[in-house]
Amino acid sequence: MYTGAPMSLPSRARVVVVGGGVIGSSVAYHLAHAGWKDVVLLERDRLTSGTTWHAAGLIVTFGSTSETSTEMRKYTRDLYTKLEAETGQSTGFKPVGFIEVAADKDRLEEYRRVSAFNRLCGVDVHEISPAQVQDLFPLAKTDDLLAGFYVKEDGRADPVGVTMALAKGARQQGATIVEGVPAIGFTTKNGAVTGVVTAQGTIECEYVVLCGGMWSRQLAAKVGVSIPLQAAEHYYLITERIPQLSASWPVLEDPASHGYFREEVGGLMIGLFEPVCAPWNVGGIPDDFSFGEIQPDWDRMGPYVEKAMSRVPISMESGVRKFFCGPESFTPDLAPIVGPAPELKNFFVCAGLNSIGIITGGGLGRVVAHWLMNGRPDVDVNYMHIDRLHGYQANPEYRRTRTVESLGMVYQCHYPTRSMQTARNAKQSPFYDRLAALGAYFRDVSGWEGADYYLGAGAKPEQELTFGKPSWFAQWATEHRAAREGVILMDMSFMSKFLVEGRDAGARLNWISANHVDGDAGQITYTQWLDEAGKLWADLTVTKLADDRYWVVASDTVLRSVHTQMKRAFEGHHAFAADVTSGWAQLNIQGPRSRELMQLVTTTDMGNEAFPFRAAREIDIGFARVLCIRITYLGELGYELYIPTEQALHVYDRLVAAGQRVGLVHAGLKTLASCRMEKAYRDYGHDIDNTDTILEAGLGFAADLKKPGGFLGKDAVLAQKAAGPLKKRLLQILVKDPEPLLFHAEPVLRDGKPVGYIRAASYGHTLGGAVGLAMISAPDGAAIDAKWIEAGRWEVEIANTRYPAIASLKPLYDAENKRVKM
């Protein structure tokens, strides 16, 4: 514990950063550099205590298919390169290079896809031969390798030196660093944080940034903020001195062998990410743990160590100088937990780094500082936003169960068909057993069991990991065809559903909605929610049930985000939003014959005139009253049915029985993806995000610029319209060759030059090829319009191969005329 001289504690600060590891130091550094100098960083012990001090210090820009993560890595590497010149404190950064090796065809496919995207982002990664790997790291066993992926500019840094340099830079800019003073709580007022409590007194503040590492969950819980991270055992081994080993050799990483390798004080460091890990202190991290170690479990880790050592065989003969085990925190989906807490205003979190704290620390500190100072981030934050997670994920049993898998995911091959397997089957729709009996394969959908596809009654499908067309591809095509030609039933109960009530509900929803959502009762409206800069923050539907009752439906991933936005917008008004997701099951009946099926189960007139597009009515089905909305996300005639949970099976059985007369087919989420992608329907958090404007996303039709009272972000929308033709637009991209598959992050090229990448994709069974949505920017600043698109030669790069493609502003599938527009 801290034994230095007592440090004086300021009574007030604009921002208090809690935690003096690399992340907290980076946040303080960037706040101070940006002009917010009234910053206090509180460290419970000494800087770097907890996890930072024992980090391996890898500085790697290769490996992510997230633009945000890749840019943060690049920024971090550049920052560590120049910090010493600024502060006089060495970061120990050595650009010795980095090599990721592939020993099987699937990892080769993955790394080729990743490297294409990373090059698009400016990472100078090269595919090299096993012989070239051998030349760069002569002690490695390479005869079983297929290739390596080499970044010359990457390398290693000293985690302690990095943190000290950031802290010194923060001090030089006016920030205050206080060591030996733990934060023990927070003060709040009117739903906002107002101070940080310590044993030496309380520091009043406007903002808190909690960067407490593995202690963050416990600290935040004191003010009702949920941070579902969990510490786990993390290992590395250092051999005795190996004379043949050079400190100038690149870092070598071989996920298939569970290890990374680099020189350390003359010996070889072998870091490990085993596929099945051990959580540490699920009940809570001890307050007095700082620079401690965990007793290594040789029996459990022995096979993994042996596997890793086989990549550098001399390590098995060199003797072990140190077998280290220390805690690192991991999250349920292996993404950081970052952003303003939904539960408490002005309370920011930056924790749960999943062993990439040093790699991304500089960039993440910049992102958080900008976000806090400007009220909005300047990068896509959906994948790491704290509001994507749920309270139950902080339960001890959930953390204990999921963490066993999440650490191991670091080195798993990242198949597009992979779904987390632990901590499952706790959130099931009322239809789960019925769907399981039909051979549904379920995947994790924000904790729900979502039916992805069906193999038929009695089948028990298992997860199939592949980059190619899976064995169930034909069944998927059958479900897709049924949606286009017949009628399908799809369980969508996981969708986020809110009942909004109050005399001001319509006016407040209309203010935060770009579209006019407060028109006639009994009508659904598709809309976006924007910030003041006109950037997207939600994509959803609002149904007006009555003058004081509204039904808001959003995707599963944004439940807490949407709820929080409504609660904040409704403050001081007679408007209230209740999350009713669990109380209402949802079945979507879609396809050209959906009206026939609906008319078989209800006495309500489902004719086109009586029940037009966008109509919302309460109808009878058997003994149940059901909210029926005529809307589609597949591009065909269709209906969404919202059913009280207790009557859900009754309605389902009526639909299935009547469905025998019209050829009803059960369809899974794969069909939802393929049909919506053929129609180029957007999905917030996947193909559109908070860096896009409503115009760039191609959703200008959903902004009512003439409605009375305007809407949040309207001025920004008008300004962009007035600025002239768009230089950035979302396009639909179709690969002409029917064989290759698109998933995410494949570069898109026009006339041989990269202009963007696939944000989300599926397979267009009607279109006859892989299809996705890509945000395109013209390299020459040209206006992106139909003429510019048609004048170009379009390609998509998939795993080092370029395939001819079609680009379009308009959907390539025309449901009304049943034709493909090419």
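These legends describe close-up views of a predicted model. Residues are numbered from 1 along each chain as its sequence is written, local features need pLDDT of at least 70, and side-chain atom pairs count only at pLDDT 80 or more, while totals for chains, interfaces and linings use all residues. Side-chain values use heavy atoms, with hydrogens and water left out.

**View 1. Helix α14 crosses helix α15.** Helices (H or I, at least four residues) and strands (E, at least two) are DSSP runs, numbered from the N terminus. The axes of α14 (residues 594-601) and α15 (residues 648-659) come within 9 Å and cross at roughly 120°. Here axes are lines fitted to C-alpha atoms, for helices over the stretch in contact, and angles run from 0 to 180 degrees between N-to-C directions. α14 is therefore oblique to α15. Oblique covers what is left after roughly parallel (under 35 degrees), roughly antiparallel (over 145) and roughly perpendicular (65 to 115). From α14, Leu597, Met598, Leu600 and Val601 make the contact; from α15, Arg654, Leu655, Ala658 and Gly659 do. Contact means heavy atoms within 4.5 Å. These residues divide into 6 nonpolar, 1 polar and 1 charged. Ala, Val, Leu, Ile, Met, Phe, Trp, Tyr, Cys and Pro count as nonpolar, Asp, Glu, Lys and Arg as charged, and the others, Gly among them, as polar.

**View 2. Helix α11 and its buried residues.** α11 (residues 473-485) has 13 residues, which should span 18 Å at 1.5 Å a residue. The expected span is 1.5 Å times one less than the number of residues. The end C-alpha atoms are 18 Å apart, which agrees. Buried residues of α11 include Phe473, Trp476, Glu479, His480 and Arg484. Buried means under 20% relative accessible area, exposed over 50%, partly exposed in between (1.4 Å probe, protein chains only). The buried residues pack against β20 (448-454), β21 (488-491), β31 (665-666), α16 (669-678), β34 (753-764) and β38 (813-814).

**View 3. Asn510 in helix α12.** The helix runs over residues 505-512. Asn510 is buried, with a relative accessible area of 9%. Leaving aside residues up to four places away in sequence, Asn510 touches Asn515, His516, Val517, Asp518, Lys707, Gly710 and Phe711. The C-alpha atoms of Asn510 and Ala483 are separated by 33 Å.

**View 4. Asn190, a loop residue with positive phi.** Asn190 lies between β9 (183-189) and β10 (192-198). Its phi is about 55°, although Asn190 is not a glycine. Asn190 is exposed, at 68% relative accessible area.

**View 5. His258, in the loop between β13 and β14.** Phi of His258 is near 70°. His258 counts as buried, at 16% relative accessibility.
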